[in-house]
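Student: I am new to this structure and would like to learn how to read a few of its features. Could you take me through them one at a time?

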Amino acid sequence: DKGLAQSWTSKGRQYIGTALTIRDDSVEQGIIKSPTDFNSITPENAMKWESTEPSRNNFTFAGADAIIDFADKYKKEVRCHTLVWHSQLPAWVSEGNFDNKTLISIMENHIKNVAGRYKNKCTHWDVVNEALEEDGTYRNSVFYKTIGEAFIPISFRLAAKYAGSKTKLYYNDYNLEYGSAKALGAQRILKLVQSYGVQIDGVGLQAHLTSESTASSGGGVTPDTDTLTRVLRLYADLGVEVAYTELDVRFTTPVTKEKLKAQADAYARVTQSCINVKSCVGITIWGVSDKYSWIPGVFKTEGAALLWDEQFNKKPAYDSMLKRI
Ligand code: XIL
């Protein structure tokens, strides 16, 4: 029987991916290495600014290189992640008190060294990550405070200069899936970059979702398929591709049969919405097994958000996703 990626690509779509942290777990790494379920990987942390340039102009690529070597060896596409983000940003940048011109030169040096090193190795780059607040206004990051909204088109111009012509450049954010003010903010960003005449190829919806109404989701649950489809079209209709880039669907643990069913239904809705939109190229799930998911570390009472449980049994969400493909 075909797995997720095998089914997806046989439908003419590009990839089903997972976040990759290279670790000593042959079961987990074996699922990623196999061509069955995943043909793309996103480095979970290894390409972030704190990992690649921990101090000024001191570049450290061991972790990121290992990801690229893994991808070459096991024939995976790489969605590279991420160049300009307020988080996992070392203090020398976030507290640097640089003027506009200096910060732009720091961004150029970072993008030149990181995107340049992996030129044309990345099928995609998340160029700018999480620039928006929930109400659709700009997040008050060091980049926005110092440069204003122009930091976004500037980032894309620099990425286009160094990433290589084979690499698609994305704006990426979470909580776009509800189609609210933040989703419109991302559409505004897309139009802004386009208005500068600068390359932008896609919008990534992180899709850190829930299958039950929780405080951490502001009471929102994974929307219905029509809403999700409509949100994808907000961007696709402007001529770019779209993707789900960090999908997981959490709920308050412990696991029950009913909760697994609700989660499976949420995964099916997300998958179906991507199928509904021609330019939805792929879905990346933010990890393989609940054993290593980032969710319990951040959303204290929640977890069990992925397709394999902690013992590496496939959960109902795996089958419900596969059925939609
Ligand atoms: C998370 C990783 O999964 C964790 O290992 C790390 O401690 C924090 O970052 N949005 C993103 C991802 O764009 O990079 C984040 O990944 C999850 C939220």
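Predicted model: local features only at pLDDT ≥ 70, side-chain atom pairs only at ≥ 80, totals over all residues.

Student: Which residues does UniProt list for "domain: GH10"?

Tutor: An annotation of this kind comes from a record, and here the unreviewed UniProt entry lists residues 16-324 for "domain: GH10". In the model that span is 40% helix and 18% strand, and its end C-alpha atoms lie 13 Å apart.

Student: At what angle do helix α6 and helix α8 pack?

Tutor: A helix pair can be read from its angle, its axis distance and its handedness. Helix α6 (residues 100-117) packs with helix α8 (residues 151-162) at an angle of about 35°, the axes being 9 Å apart, and α6 passes α8 in a right-handed crossing.

Student: Which residues in α6 and α8 meet?

Tutor: From α6 come I104, M107, E108, I111, K112, A115 and G116, and they meet I154, S155, L158, A159 and Y162 in α8. Sorted by class, this contact has eight nonpolar, two polar and two charged residues.

Student: Why does A131 count as buried?

Tutor: Burial is judged by counting neighbours, with 20 or more other C-beta atoms within 10 Å as the cut-off for buried. A131 counts as buried because it has 23 C-beta neighbours inside 10 Å.

Student: Where does A131 lie, and which residues does A131 touch?

Tutor: A131 is in the loop between β4 (124-129) and α7 (142-147). Leaving aside residues up to four places away in sequence, A131 touches Y138, R139, I152 and I189. F143 is 12 residues from A131 along the chain, and their C-alpha atoms are separated by 9.2 Å.

Conventions
Residues numbered from 1 in each chain as written. Axes fitted to C-alpha atoms, helices over the stretch in contact; angles between N-to-C directions. Helix = DSSP H or I, 4+ residues; strand = E, 2+ residues; numbered from the N terminus. Left-handed = near helix turned anticlockwise from the far one by under 90°. Contact = placed C-beta atoms within 7 Å. Nonpolar A, V, L, I, M, F, W, Y, C, P; charged D, E, K, R; others polar. UniProt positions renumbered as here; feature names shortened; annotations may be inferred. Buried ≥ 20, exposed ≤ 12 C-beta atoms within 10 Å, placed from the backbone.
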